[in-house]
Amino acid sequence: MRAPASTERRFAILAAAAAGLVAVCAFAQDGGTAGAVGAATGGSAPGGIFLQTRAPVLSPVKNLRYDSAARAIVTDDWTYVLPVPPARAAEIMKVIAKQDFLAADVSTVGDAALFGLTRNSEVANRMLIADLLLGDIAKGYGYFAPIYKTAEGYKPRQYNPIGRQQFAVFFVFVSQSWQIDAGRLTSKAGKLEVIQTPTIRQADGTRRFDFDALKKSVVDDAIAENARHILAHEDYYRRERAVRDMQSFADVAQLARELRQQSVDISGLVNP
Amino acid sequence: MRPLGLVLTASILAAASVSSAQQPLPTVDTNLVVRGVPIGKVFEKFRPQLSAYFKEIEAEGDYANYSVPPSKSFEQGGR
């Protein structure tokens, strides 16, 4: 439990939060994907897995229902077979009922920051696994190196975790578009994004965007090289089940947002 | 009576088999330290989740990106 803050400290925290909020808002305007992440998470925990959704485009649905036997969401115009177990789809939908994204981040001290997700839930755990695996390559730590085969035997460059400037890396998954083929609705995956962000460690141990460093486009060369490698071999790393699951989660999240836009009660749509 | 060559070959094969059974698999670097930061300990905090994941993909043969069966190998690192 956190100790009660003194009045002075509370004012300092509030002032910092207000200043941070202004910076986050400005960043959200022109920061691209990183800006979207910053806005979504209030500038905190800018690393890990970020499952983004885009503006809804599906036509109004008619006679929507969940077919538990087929594990599919069915309408008069299309059927969407869940790409994940129903319990995970239900959890994703409950989160998207309240926000437009899912995010999970393993911090450098081994804690997990979860945004709207339930701790130790199947979705949260799988997102953390994906972050651990991809993050290990992106930062070149080498924890999994003895058992993991990188694409083309690549040896990741090691990031310096105690350098003057700290960085976080986040991996962004998104559903790019919908296709309806023979009555079946499917999602086309968007290209993976691997984005590094300069960060500042807060007094409470959490990390926030370093907006000054962002303005100066400060980057870490090791992470940049490793990120280029991951992106150049995206298909290879998508063979990893946890990575494939991230795309499936993003697809379900996108559908959830589409249905939420149409006033569907997505919280109770899928009964595991 | 068996030819000596056959007996020797069988003995060598048996010895090699025992040796390979005792050979530990490579495993994750639990004691990894990067510039003084105990990164291995950060990953180890998620050992239960990683263990469950590796069991799942190994049981279903879905581990093409690994050089060894990940669950068996990972568990050795936890001893």
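## Surroundings of A:Leu259

Leaving aside residues up to four places away in sequence, A:Leu259 touches A:Val264 and A:Ile266, where contact requires C-beta atoms, placed from the backbone, within 7 Å. The model is predicted, so that local features need pLDDT of at least 70 and side-chain atom pairs count only at pLDDT 80 or more, while totals for chains, interfaces and linings use all residues. Residues are numbered from 1 along each chain as its sequence is written, and chains are lettered from A, with ligands numbered from 1, in the order in which they are written.

A:Leu259 lies in helix H8 (residues 241-261) of chain A, helices being DSSP runs of H or I with at least four residues, numbered from the N terminus. Because A:Leu259 has 23 C-beta neighbours inside 10 Å, it counts as buried (20 or more other C-beta atoms within 10 Å of its own). A:Pro60, although 199 residues apart from A:Leu259 in sequence, is 8.7 Å from it in space, C-alpha to C-alpha.

Beyond four places in sequence, A:Met246 touches A:Ile49, A:Leu51, A:Met127, A:Ala130 and A:Phe173.

## Contact between the chains

In chain B, 29 residues are in contact with 24 residues of chain A, and the largest share of this side of chain B, 5 residues, comes from H2(B).

Technical notes. Contact = placed C-beta atoms within 7 Å. Helix = DSSP H or I, 4+ residues; strand = E, 2+ residues; numbered from the N terminus. Buried ≥ 20, exposed ≤ 12 C-beta atoms within 10 Å, placed from the backbone.
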